[in-house]
Amino acid sequence: MDLKLDHHSKDGIEIVDVEGEIDVYTAPRLRELLIELVNNRFYQLVVNMEKVEFLDSTGLGVLVGGLKRVRAHDGSLDLVCTQERILKIFRITGLTKVFGIHDTVDEAIAAKRSEK
Amino acid sequence: MATVELSFTPLPAHVRTARLVATAVARRSGVDEALMDEVRLAVGEACSRAVEEHRLYCPAEPIRLALTDTADRFLVVVTDNCAPSATKPPGAGFNGGDDSPGAAGMPAGLGFAVIAGLADDVEISETAAGTSIRMSWPSAGGAR
């Protein structure tokens, strides 16, 4: 399956819905979207990965790049993911300590609000 | 012993094809379904590395993927045809570009780390012809 991307605002936070496979072929599209959002001054991001079927290190690189960009503006990038197959790659690479990973979008939003 | 070989031009779109073929052959070889995600991801990582390497240094050369079903192992070998070069930085070909983990202050060679974390048995060798990544998983030898 190819990559489908969408985004919307909820409680002042930009939610990025990702569906499909994030790999060396599709990751540039996610990178472009994250750059576009930051350029449009969206610095509080939640990437919803509940419908992601595949993620490799190229995709991880794009997410880390997005995190780096929002942090430069005192923002944050959290993830929503409960799929074991996706969480495993975050664990292997130690990125569970870098990203806030939540079970639902509402939980991610609540966590961001409590940080403020 | 049965082998399926795939040769593809170094385009990112072909990495998905390589993953699909590897998964299909692994399934036919009797690899446990619980290991299938690991096979898919490790093969994808190895092929992505080779694609990046080829695009930088030898775009006209094909990448080779060999999938072999031995008596009790499913063996995957991804070979690039980019000869080692003194101009290549360490870890070249993995996650290159602006959003690379290396660029974000993370260790280079994250893809290698992912492969090492996933595959049961990994061997990386550099020859005069290029780099070869050999990985294997237990199988029931179903394709014999």
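Two exercises on a predicted model follow, each with a worked solution.

Residues are numbered from 1 along each chain as its sequence is written, and chains are lettered from A in the order in which they are written. Because the model is predicted, local features need pLDDT of at least 70 and side-chain atom pairs count only at pLDDT 80 or more, while totals for chains, interfaces and linings use all residues.

**Exercise 1.** Work out which residues of α1(A) are buried, and how they are arranged around the helix.

*Solution.* Begin with the helix, a DSSP run of H or I with at least four residues, numbered from the N terminus: α1 of chain A covers residues 27–39. Next, count a residue as buried if 20 or more other C-beta atoms, placed from the backbone, lie within 10 Å of its own, and as exposed if 12 or fewer do. The buried ones are A:Ala27, A:Leu30, A:Arg31, A:Leu34, A:Leu37 and A:Val38. The face turned away from them carries the exposed A:Glu32, A:Glu36 and A:Asn39.

**Exercise 2.** Describe the side of chain A that touches chain B.

*Solution.* Taking two residues as in contact if their C-beta atoms, placed from the backbone, lie within 7 Å, one finds 18 residues of chain A in contact with 23 residues of chain B. Two elements of chain A, α2 (57–71) and α3 (84–92), each give two or more residues to this side, and the largest share, eight residues, comes from α2(A).

Note on methods: The expected span of a helix is 1.5 Å times one less than its number of residues. The arc is that of the directions from the helix axis to the C-beta atoms.
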